[in-house]
Amino acid sequence: MQLTPGAVAYADWRAIHEGANPSLDPACRSAIAESAAAVERILGAGKPVYGINTGFGKLASVRIEARDLTTLQRNIVLSHAAGVGEPMPAPIARLMMALKLASLARGASGVTPKTVDLLETMLAKGLVPVVPVKGSVGASGDLAPLAHMAAAMIGVGEIFANGARLPAAQALNDAGLAPLALGPKEGLALLNGTQFSCAYALAGLFEAERLYRVALVTGILSTEAAKGSDAPFDPRIHALRGHNGQIETAEALRRLMDGSAIRASHRVDDLRVQDPYCLRCQPQVMGAVLDLLRQAAATLVTEANGVSDNPMIFADTDEALSGGNFHAEPVAFAADMIALALCEIGSISERRVAMLVDPALSGLPAFLTPRPGLNSGFMIPQVTAAALVSENKQRAYPASVDSIPTSANQEDHVSMAAHGARRLIEMAANVDAILGIELLAGAQGCDFHAPMLSGALIEAVRNLLRAVVPTLTEDRHMAPDIAAAIALVRAPALLDAVGALPGLDG
């Protein structure tokens, strides 16, 4: 797929995360070359320019002689490759590389065409640098992780290639590539930027969008199990409030419930005037989630298409301007928003499970088992869901409100975007499990209403589940059932069964 720097859509970033290979729009090549030429002209003028012929950070006042400029760029990569922890997952690392590729190709970073070419070729050949996930505070760029990426490009460190973890120099050689010799400004340009944080935040956003949609399905399944009303989804209610996410969510919930014989069976003689909030307020909660995720998506797509290098090279005037685009506060805020959304998707889902296992609220057998007492049924799966919700609440504390000075107080306010974004993947995995448990509980509750069925869409989902997990008639080993349900939550088949649901790109 072709990347047009500065104009890459949300869906394209998602496609790269899912395995698409990006290539640059040839039209950007001239801007890259002009930017590199401007660096040479700036050097020729003999003035000290940060990152080109000076030290870095607190050492910016140290002038570097012309004979040492190549060593300067190599040294910054080696010294800053100081991350720790497990390697980045390959899909997120590839996304980070593509983000850096698009940023450099805007022509404001001063790198040479050969540097951009190598990054593009590594993506095409499946060469993924081994990048430890911990070590960035999200200001002055994601220095440590991006330095590990840059180190692989100069033949230092390690690269994942063809399923193997190899020394970087060997992996490049095996692919017919030579290690990069860094020119002035190039080391700094590669490791300065928000691409690590942005890649993780986007990956978390992709997961959150999927989980929002799955939660609409499991929410209606639970509503059917509890013989809940569809009156709270009436469009007139939501039009009066006016939030787009709420309006679209209510419409989707109505469509999922359409044709339900279970709902029709109690429409006339239903003595319950109002359902619990976990059923009745789904449009309000999940609609707010959708609006929040859309706001985060707008921020992250802007960031993904921007330039977060420093200093910026303006080829038309031969200027190198130092600023602070590397500060990842926008990404940190977006990551915090996604964390809140993930937390609430799981929280309201767990409340529905808790409602279903309580006979006083659901009208169903205690703990959704035909013989409570002898059997515990869904007692402990609900406890598991509660534990995961509590864990996500702790993880949802805003990362962006924290800061710790670095680099001898030169970098005295930082965003903490990196770990704010990294936590999203683990939070999403917790929500996968919570929704998997709700899928099991909702289907089990609906089984008690046989021979009445829900609408065709929800029955299609229930059939998918029952193909791998039978109805619980007596206690059995629950962990395999939950694992199978989680796999279904993660599988495209579940959402394919119900058709289009609201999302972040239409």
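Figure 1. Pro311 is located in the loop between H14 and strand E8 (312–314), where helices (H or I, at least four residues) and strands (E, at least two) are DSSP runs numbered from the N terminus. The model is predicted: local features need pLDDT of at least 70, side-chain atom pairs count only at pLDDT 80 or more, and totals for chains, interfaces and linings use all residues. Residues are numbered from 1 along each chain as its sequence is written, and side-chain values use heavy atoms, with hydrogens and water left out. Asn310 and Pro311 are joined by a cis peptide bond, for which omega is about -5°.

Figure 2. The bond from Ala450 to Pro451 is cis, with omega near 10°. The loop between H18 and H19 holds Pro451, and Ser454 is also found in the loop between H18 and helix H19 (456–466). Ser454 has a relative accessible area of 6% and is therefore buried (under 20%; exposed is over 50%, partly exposed in between, with a 1.4 Å probe and protein chains only). Its side chain makes a polar contact of 2.4 Å with that of Glu224; such a contact is a pair of N or O atoms within 3.5 Å, where within protein one must be able to donate a hydrogen and the other to accept it, and residues adjacent in sequence count only if both atoms are side-chain atoms. Apart from neighbours within four places in sequence, the residues in contact with Ser454 (heavy atoms within 4.5 Å) are Glu224, Gly259, Ser260, Ala261, Ile262 and Glu459.

Figure 3. Lys227 has phi near 50°, a positive value in a residue other than glycine. This residue sits in the loop between H9 and helix H10 (235–241), and because its relative accessibility is 28%, Lys227 counts as partly exposed. Asp318, which is not a glycine either, has a positive phi of about 55°. The loop between E8 and strand E9 (319–321) contains Asp318, and with a relative accessible area of 31% Asp318 is partly exposed.

Figure 4. Two cavities of 30 Å³ or more are counted in the model. On a 1 Å grid over the protein atoms alone, a cavity is a set of points where a 1.4 Å probe fits but cannot get out, a pocket is an open set with protein on both sides within 12 Å along at least five of seven lines, and lining residues have an atom within 4 Å of a point. Points are joined across faces, edges and corners, and a volume is the space filled by probe spheres set on them. The largest cavity has a volume of about 50 Å³. Its lining consists of Phe378, Leu440, Gln444, Arg466, Val469, Pro470, Thr471, Leu472, Arg476, Met478 and Asp481. Helix H18 (417–447) and helix H20 (478–490) are the elements that give two or more residues to this lining. By class there are six nonpolar, two polar and three charged residues, where Ala, Val, Leu, Ile, Met, Phe, Trp, Tyr, Cys and Pro count as nonpolar, Asp, Glu, Lys and Arg as charged, and the others, Gly among them, as polar.

**Figure 5. Gln444 in the lining of the largest cavity.** Gln444 belongs to helix H18 and, at 2% relative accessibility, counts as buried. Leaving aside neighbours within four places in sequence, Gln444 contacts Leu368, Phe378, Arg466, Thr471 and Leu472. The C-alpha atoms of Gln444 and Arg466 are 9.8 Å apart, while the two residues are 22 apart in sequence.

**Figure 6. The second largest cavity.** A volume of about 40 Å³ is found for the second largest cavity. Leu99, Ser103, Thr194, Gln195, Cys198, Glu303, Ala304, Gly306 and Ser308 form its lining. The lining comprises three nonpolar, five polar and one charged residue.

**Figure 7. The largest pocket.** The largest pocket holds about 380 Å³ of space. It is lined by 16 residues, of which Glu18, Phe206, Arg210, Arg213 and Leu495 are the closest to its centre. Helix H1 (10–17), H9 and helix H21 (492–498) are the elements that give two or more residues to the lining, and H9 contributes the largest share, five residues. The lining is made up of six nonpolar, two polar and eight charged residues.
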